[in-house]
Amino acid sequence: MNREIQFFSYEQCFNYYTKRIATIRQAKIHGETIVAKPVLMVAIIDGIEANVFRNNQFAINDWLEGRYNMLMSQYAKDSQFDDKTTIDKPFWHLETDGFWHLNYQGERLSKGHTPSKAWLKENIDFAYFDESLWILLQNKVWRLKLRDYIIEHKLTDDFWNGKLAAEGVGAIAALLLVA
């Protein structure tokens, strides 16, 4: 369904959240950026598109975990790590970026500790986006535009290609010096 809400600036909302997404905190291991948070966001957008998520409430379930794992296989670099980042980590840590919220049903933990998936399922009723982001995601055109933005700016090979190109230039220069 492509709802249009009167007196809501989709463009301003999109611009605001793309700036927020551009600056999400992503861990680095061995100099490589972990893509778990943007992958989780794309998985949720896909769930909204597939009508799996009809409300601004997201729980770790089989569908979301399966989609997340499929996208992690697609976007995480094989060279990065032996084990792909599991869904519990971005589900928990995305809250620190300010537009993803956790609705607790039980005890709260400090952000210094990453709980297990079992703990999250037991103590978090659901996660949810800011209301304005949820409204944006209800419009198919803007939802797909945001999905494309996340993929282009957070999940594509531009960074890796630039890094490889720089390494390639260095290797060529080294070869020329030897010759």
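This is a predicted model: local features need pLDDT of at least 70, side-chain atom pairs count only at pLDDT 80 or more; totals for chains, interfaces and linings use all residues.

1. Glu65 has a partner worth a look. Its side chain meets that of Lys117 in a salt bridge, with 2.7 Å from N to O. Because Lys117 sits in helix α5 (residues 117-123) and Glu65 in helix α3 (residues 62-75), the pair ties together parts that are 52 residues apart in sequence.

2. How many salt bridges does the structure hold? There are seven. One of them joins Lys37 and Asp97, whose closest N and O atoms are 2.7 Å apart. Lys37 belongs to helix α2 (residues 36-49) and Asp97 to the loop between α4 (88-93) and β3 (100-104), so this pair ties together parts 60 residues apart in sequence. Both Lys37 and Asp97 are buried, so do turn the model until you can see the two side chains together.

3. Helix α2 also takes part in a second pair that I would show in a figure. Glu49 forms a salt bridge with Arg143, and the closest N and O atoms are 2.7 Å apart. This pair links distant parts of the chain, with Glu49 in helix α2 and Arg143 in helix α7 (residues 140-155), 94 residues apart. Are the two partners buried or exposed? Glu49 counts as partly exposed, at 31% relative accessibility, while Arg143 is buried, with a relative accessible area of 5%.

4. Arg143 deserves a point of its own. Besides its salt bridge with Glu49, the side chain of Arg143 reaches the backbone oxygen of Leu137 at 2.6 Å. Leaving aside neighbours within four places in sequence, Arg143 is in contact with Ile45, Ile48, Glu49, Leu136, Leu137 and Gln138. With a relative accessibility of 5%, this arginine counts as buried because the limit is under 20%.

5. Gln138 is found in the loop between α6 (131-137) and α7, and it is buried, with a relative accessible area of 14%. Its C-alpha lies 9.1 Å from that of Arg54, although Gln138 and Arg54 are 84 residues apart in sequence.

6. Another arginine of helix α7 is Arg147. Which residues does a network of salt bridges with shared partners join here? The network is made up of Asp46, Arg67 and Arg147. Not counting residues up to four places away in sequence, Arg147 touches Val42, Ile45, Asp46 and Arg67. At 17% relative accessibility, Arg147 counts as buried. The C-alpha atoms of Arg147 and Pro38 are separated by 9.4 Å, and these two residues are 109 residues apart along the chain.

7. Now for the largest pocket, which holds about 330 Å³ of space. How many residues line the largest pocket, and which lie nearest its centre? The lining has 16 residues, and Ala27, Ile34, Thr85, Lys89 and His93 are the ones nearest the centre. Helices α2 and α4 each supply at least two residues of this lining.

8. Finally, some remarks on the chain as a whole. It has eight helices and four strands, and from the N terminus on the elements run α-β-β-α-α-α-β-α-β-α-α-α. Of its 179 residues, 44% count as buried. Among contacts between residues at least 6 apart in sequence, 67% join residues at least 24 apart. The pairs above give examples of links across the sequence, including Glu49 with Arg143, 94 residues apart, and Lys37 with Asp97, 60 residues apart.

Note on methods:
Residues are numbered from 1 along each chain as its sequence is written. Side-chain values use heavy atoms; hydrogens and water are left out. A salt bridge is a side-chain nitrogen of Lys or Arg within 4 Å of a carboxyl oxygen of Asp or Glu. Buried means under 20% relative accessible area, exposed over 50%, partly exposed in between (1.4 Å probe, protein chains only). On a 1 Å grid over the protein atoms alone, a cavity is a set of points where a 1.4 Å probe fits but cannot get out, and a pocket is an open set with protein on both sides within 12 Å along at least five of seven lines; lining residues have an atom within 4 Å of a point. Grid points are joined across faces, edges and corners, and a volume is the space filled by probe spheres set on the points. A polar contact is a pair of N or O atoms within 3.5 Å; within protein, one must be able to donate a hydrogen and the other to accept it, and residues adjacent in sequence count only if both atoms are side-chain atoms. Contact means heavy atoms within 4.5 Å.
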